[in-house]
Amino acid sequence: MSRTDLDDLTLEATASSPAVEARAAQGLLRIRGEAYPENAFAFFSPVLAWTEAFLAKGPAPLRVELELTYLNTSSIKSMMDLMDLLQEAFDGGRDVGLAWFYDPENDRALDLAEEFREDLTLPFDIVPRAAEGLP
Amino acid sequence: MNAVPLERDTFQDPEALSLKARLEALRETPAFRSHPLMEELEALARAHFRLLRRMAKITRISDGFQIQLKELNESLQVASRTDPLTGIPNRRAMLEHLEAELARSMRNGTPLSILMADVDRFKQINDSFGHEAGDRVLQALAQALGDSLRGYDFCARWGGEEFLVLLPDTDRAGALEVAEKLVQIAGGLELSAAGASVPVGLSVGAAQLGPGEALDALLQRADEAMYRAKARGGSQVAG
């Protein structure tokens, strides 16, 4: 089975959930926006499932771009689950990388990004949004 | 088999440390070293430590987001009470102060006065010198009025070219005195646009709160006084 057999995943942003774009052909997962869905587990399940499926399919690299301005507690847990998946793949020799975009105007945003990065050893770039905004 | 690893060296939870020490001691005991459950126990301990660590991390990050929300909320509170052009309190902030000061005045029987100050011929300033010049007039006035008032007076941008000044513990005579000063200060402002001097004048209506008077009535009297000052040519006080 080739990589392209994995369906792309597209979720539009809502008032309480971020936009999600998962592109198998490009090896790209992008999550942008605010995340305080009523049921974060249900919201992020397909995202985690997609990531697992992508990593299981073949050796292609995966780049994950996160630009999250607010996360409720259960969404934080889901993001950590996602990062655990990536870390595990990285530990297994996979080419995976993560970029966390933050608003440099917000004094606390950088600290929060660094908190997420703590304990992880995979490539985890923390990028000020002004310097390299997402398209 | 390796020692039961804590998720991180700096992990300082005393219960976790004590549990780790007990497990390590048990493993060194001959009776337990090769016990079939030992491996499972160590796996369980690792999972437990990992969860503890994870919970601490989630809690820290979650607290961070909550502080961020709280700070955002505070800055919105300030923004919702501030006039963006002049940086002084806006009508909403003034209304809150008015209500509080009116209640205080009635409770304590102390006098209270207000000044309604309106920029003279503001439309002409905008038309002749441009809106940017008009904005600068408002900014300069806001600054000058604020500087000249006492610490417990309260000045806000009330409307387009209107400022409202709240003077606690001040009777009509005192209010007229302050009003005169404001008219002088406004007249003394030196602003220029496109090489020409911009004439700044202020008409001020003063009103002292009457016994049992409602806020609307007080505001209306100050407004009427201000229009009388304007009708007499502006750059003066009525009340």
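# Briefing on a predicted two-chain model

In chain A, helix α2 is followed by Gly93(A), a residue with a positive phi near 95°. Chain A contains 3 helices and 6 strands, while 5 strands of chain B form an open sheet.

**Chain A as a whole**

- Along the sequence, the elements of chain A follow the pattern β-β-β-α-β-α-β-α-β.
- Chain A is as compact as a globular protein of its length, because its radius of gyration is 14 Å and the globule rule gives a close value, 14 Å, for 135 residues.
- Taken along the principal axes, the box filled by the C-alpha atoms of chain A is roughly 45 × 30 × 25 Å.
- Of the 135 residues in chain A, 28% are buried.
- Among contacts in chain A with a separation of 6 or more, 66% are between residues 24 or more positions apart.

**Helix α2 of chain A**

- Helix α2(A) has 19 residues and spans 27 Å from its first C-alpha to its last, close to the 27 Å expected at 1.5 Å a residue.
- The buried residues of this helix include Ser75(A), Ile76(A), Leu82(A) and Leu86(A); Lys77(A), a charged residue, is also one of them.
- Within chain A, the buried residues of α2(A) pack against β3 (28-35), α1 (40-57), β4, β5 (96-102) and α3.
- The buried residues of α2(A) also pack against α3 (36-79) of chain B.

**Glu114 in helix α3 of chain A**

- Glu114(A) is located in helix α3 of chain A, which covers residues 109-117.
- Glu114(A) counts as partly exposed because 13 other C-beta atoms lie within 10 Å, whereas a buried residue needs 20 or more and an exposed one has 12 or fewer.
- Asp125(A) is 11 residues from Glu114(A) in sequence, and their C-alpha atoms are 9.7 Å apart in space.

**Where the two chains touch**

- Chain A contributes 13 residues to the contact, and chain B contributes 11 residues.
- On the side of chain A that touches chain B, at least two residues come from each of β4 (62-71), α2 (73-91) and α3.
- The residues on that side of chain A comprise 6 nonpolar, 1 polar and 6 charged.

**The sheet of chain B**

- The strands of this open sheet are arranged in the order β2-β3-β1-β6-β7, and their pairing is mixed.
- Its edge strands are β2 (154-157) and β7 (237-238) of chain B, each of which pairs on one side only.
- Helix α4 of chain B, residues 91-108, packs on the sheet and touches β1, β2 and β3 (162-168) of that chain; the direction of α4 makes about 25° with that of β3(B).
- Strands β1 (residues 112-119) and β6 (residues 202-208) of chain B pair in the antiparallel sense over 7 bridges, and Val119(B) has Leu202(B) as its bridge partner in β6(B).

**Strand β3 of chain B and its partners**

- Strand β3(B) is largely enclosed by the rest of the structure, because 5 of its 7 residues are buried.
- With β1(B), strand β3(B) pairs in the antiparallel sense over 7 bridges; with β2(B), it pairs in the antiparallel sense over 4 bridges.
- Val165(B) is the bridge partner in β3(B) of Leu115(B) and also of Cys155(B).
- A hairpin connects β2(B) to β3(B) through 4 residues.

Technical notes. Residues numbered from 1 in each chain as written. Chains lettered and ligands numbered in written order. Predicted model: local features only at pLDDT ≥ 70, side-chain atom pairs only at ≥ 80, totals over all residues. Pairing = 2+ DSSP bridges. Contact = placed C-beta atoms within 7 Å. Axes fitted to C-alpha atoms, helices over the stretch in contact; angles between N-to-C directions. Expected span 1.5 Å × (residues − 1). Rg over C-alpha atoms; globule rule 2.2 N^0.38 Å.
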